[in-house]
Amino acid sequence: KSVSVERGRDPADFAMMAFGGAGPIHGAGVARTLGIRKVLIPPAPGVFSAPGLLTAEIEHHAARTVLMGTGGYADLAPIASALDEMRNDLRNRVREEGFDPALAEFDQFADVRYRGQSSELTVPMPEQRLTEAALRAVEERFEQEFERTYGHRGDTKSFELVTVRLVMRVPRKVEHGTDWAPEVAAPETTRSVYFGPAVGAIETAVISRQALKRVPRTGPLLIQEYDTTIVVPPRCDASL
């Protein structure tokens, strides 16, 4: 929570994604502590990362330090040179991995700070070759992000560009989705489940994910899958 708040984000404004073998067991409890009202649990949550790795696009990151002020007529040549070098390096890397570098897409970013600060914020950079006008746009994006994160803008209009970053993506051209067969819906049962000292043990329905419908079902519930168990505490609802 402190990490989120320090970045200017209230966890209560978000939904929580719970995955892994244990995530769906603890998701609702953690969400309740943070004031989050919705928990999303994907299909096959216990192996969620594995299909992601198999279907995700290829992505490589690169960064170069180019510590320099942005005011006046800044020398843009070091920035352009660093971006060109990174772009060539990343194309060579993806070619060595057996993918077509002609399909690569690039996003540029800059780490910027007010002069005299010791920490930076990362903001997007224009994708075309940098100009003085583009540098002014980077400064404005930094100030917008600074204000969103810390609630105010700095007193100075003197900035430093510390690092330039490049993200390259290459599509894998794979079908997203799952090939595994759905589990057979198990018959519903009940058992006593302990939900902590404030609630105690409650006779709780144990169902399969296939038994869930779009109409919400009120907890407490245990939703059992091959790779995890989803705990739906009292005063929570679950639905597809």
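The questions and answers below concern a predicted model.

Q: Why is valine 167 called buried?
A: Buried means under 20% relative accessible area. Valine 167 has a relative accessible area of 6%, so it counts as buried. Valine 167 lies in strand β6, residues 159–170.

Q: What makes Glu59 and Phe106 contacts of valine 167?
A: Contact means heavy atoms within 4.5 Å. Glu59 and Phe106 are among the residues that valine 167 touches, not counting residues up to four places away in sequence. Others include His60, Asp107 and Phe109.

Q: Why is the pair of tyrosine 114 and phenylalanine 142 called edge-to-face?
A: Ring centres must lie within 6.5 Å for a pair, and planes over 60 degrees apart count as edge-to-face. The centres of these two rings are 4.9 Å apart and the planes are at 75 degrees, so the pair is edge-to-face. Tyrosine 114 belongs to strand β4 and phenylalanine 142 to helix α5, and they are 28 residues apart.

Q: How do you know whether tyrosine 114 and phenylalanine 142 are buried or exposed?
A: The cut-off for buried is under 20%. Tyrosine 114 has 3% relative accessibility and therefore counts as buried. Phenylalanine 142, at 0%, counts as buried too. Ring pairs also link Tyr114 and Phe142 with Phe146, Tyr150 and Phe159 into a cluster.

Q: What makes the phi of alanine 44 worth a remark?
A: Most residues other than glycine have a negative phi. The phi of alanine 44 is near 45 degrees, a positive value. Alanine 44 is in the loop between β2 and α3. Its relative accessible area is 12%, so alanine 44 is buried.

Q: Why is arginine 235 called exposed?
A: Exposed means over 50% relative accessible area. Arginine 235 has 71% relative accessibility, so it counts as exposed. The loop between β11 and β12 holds arginine 235, and its phi is also positive, near 65 degrees.

Q: Which peptide bond is cis, and what is its omega?
A: Most peptide bonds are trans. The bond from glycine 219 to proline 220 is cis, with omega near 10 degrees. Proline 220 is found in the loop between β9 and β10.

Definitions and conventions. Residues are numbered from 1 along each chain as its sequence is written. This is a predicted model: local features need pLDDT of at least 70, side-chain atom pairs count only at pLDDT 80 or more; totals for chains, interfaces and linings use all residues. Side-chain values use heavy atoms; hydrogens and water are left out. Helices (H or I, at least four residues) and strands (E, at least two) are DSSP runs, numbered from the N terminus. Buried means under 20% relative accessible area, exposed over 50%, partly exposed in between (1.4 Å probe, protein chains only). Rings of Phe, Tyr and Trp (its six-membered ring) pair if their centres lie within 6.5 Å; planes under 30 degrees apart count as stacked, over 60 as edge-to-face and the rest as tilted.
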